[in-house]
Amino acid sequence: MIFLFLWRAGLVRRMNAEKIRFFLGATGNSLYLSRREPLVSAISWPRALVSPRYARAVVGWLAYRADLFDGLSG
């Protein structure tokens, strides 16, 4: 479910190497909170794969985080 909603929201198109590293916690700066607690660990992946409601909420949260990263909101 999560991959379908990611595609529909257009987040797959907006991904680049820097955002993927940030999501996985592989940033160069150890002071980032995402380095200590990567965004990927905040998601219940089994639930995101089967629950449409949870997957939609996760995609909304990821879209918000992507906007923060790009400086579009916040």
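Here is a friendly walk through the structure shown above, from its overall layout to its salt bridges.

What you see is a predicted model, in which local features need pLDDT of at least 70 and side-chain atom pairs count only at pLDDT 80 or more, while totals for chains, interfaces and linings use all residues. Residues are numbered from 1 along each chain as its sequence is written, and side-chain values use heavy atoms, with hydrogens and water left out.

Let us begin with the overall layout. The protein chain has six helices and zero strands, so its pattern along the sequence reads α-α-α-α-α-α. Here helices (H or I, at least four residues) and strands (E, at least two) are DSSP runs, numbered from the N terminus. The chain has 74 residues, and 28% of them are buried. A residue is called buried when its relative accessible area is under 20%, exposed when it is over 50%, and partly exposed in between (1.4 Å probe, protein chains only). The accessible surface of the chain is about 5,200 Å², and carbon and sulfur atoms account for 60% of that. Such areas come from the Shrake-Rupley method with a 1.4 Å probe; for residues, only the protein chains shown count as cover. Contacts tell us about the fold too: among those between residues at least 6 apart in sequence, 51% join residues at least 24 apart. A contact means heavy atoms within 4.5 Å.

Now look inside. The largest nonpolar core has 15 residues. A nonpolar core is a set of buried Ala, Val, Leu, Ile, Met, Phe, Trp, Tyr and Cys residues joined through side-chain atoms within 4.5 Å. The residues with the most contacts inside this core are I2, L6, L11, I43, V58, V59 and L62. Helices α1 (2-9), α3 and α6 each supply at least two residues of the core, and α6 gives the most, with six residues.

Just after α1 comes G10, which takes a positive phi of about 80 degrees.

Together, M1, L4, W7 and V12 make a nonpolar surface patch of about 410 Å². Patches are made of residues with over 30% relative accessible area and no salt bridge, where like charges are joined within 9 Å and nonpolar side chains (Val, Leu, Ile, Met, Phe, Trp, Tyr) within 5 Å.

Finally, let us turn to the charged side chains. Side chains of opposite charge can pair when their charged atoms come close. How many salt bridges does a search of the whole structure find? It finds three, counting a side-chain nitrogen of Lys or Arg within 4 Å of a carboxyl oxygen of Asp or Glu. D67 meets R14 in a salt bridge, at 2.8 Å from N to O. This pair links distant parts of the chain, with D67 in helix α6 (residues 52-70) and R14 in helix α2, 53 residues apart. R14 also forms a salt bridge with D70, with the closest N and O atoms 3.2 Å apart. D70 lies in helix α6 and R14 in helix α2, so this pair ties together parts that are 56 residues apart in sequence. D70 has another partner, K19, and their closest N and O atoms are 3.0 Å apart. Here D70 in helix α6 is linked to K19 in helix α3 (residues 17-24), 51 residues away. Through shared partners, R14, K19, D67 and D70 are joined into one network.

Are these residues buried or exposed? K19 counts as buried, at 10% relative accessibility. D67 is partly exposed at 23%, R14 is partly exposed at 27%, and D70 is partly exposed at 36%.
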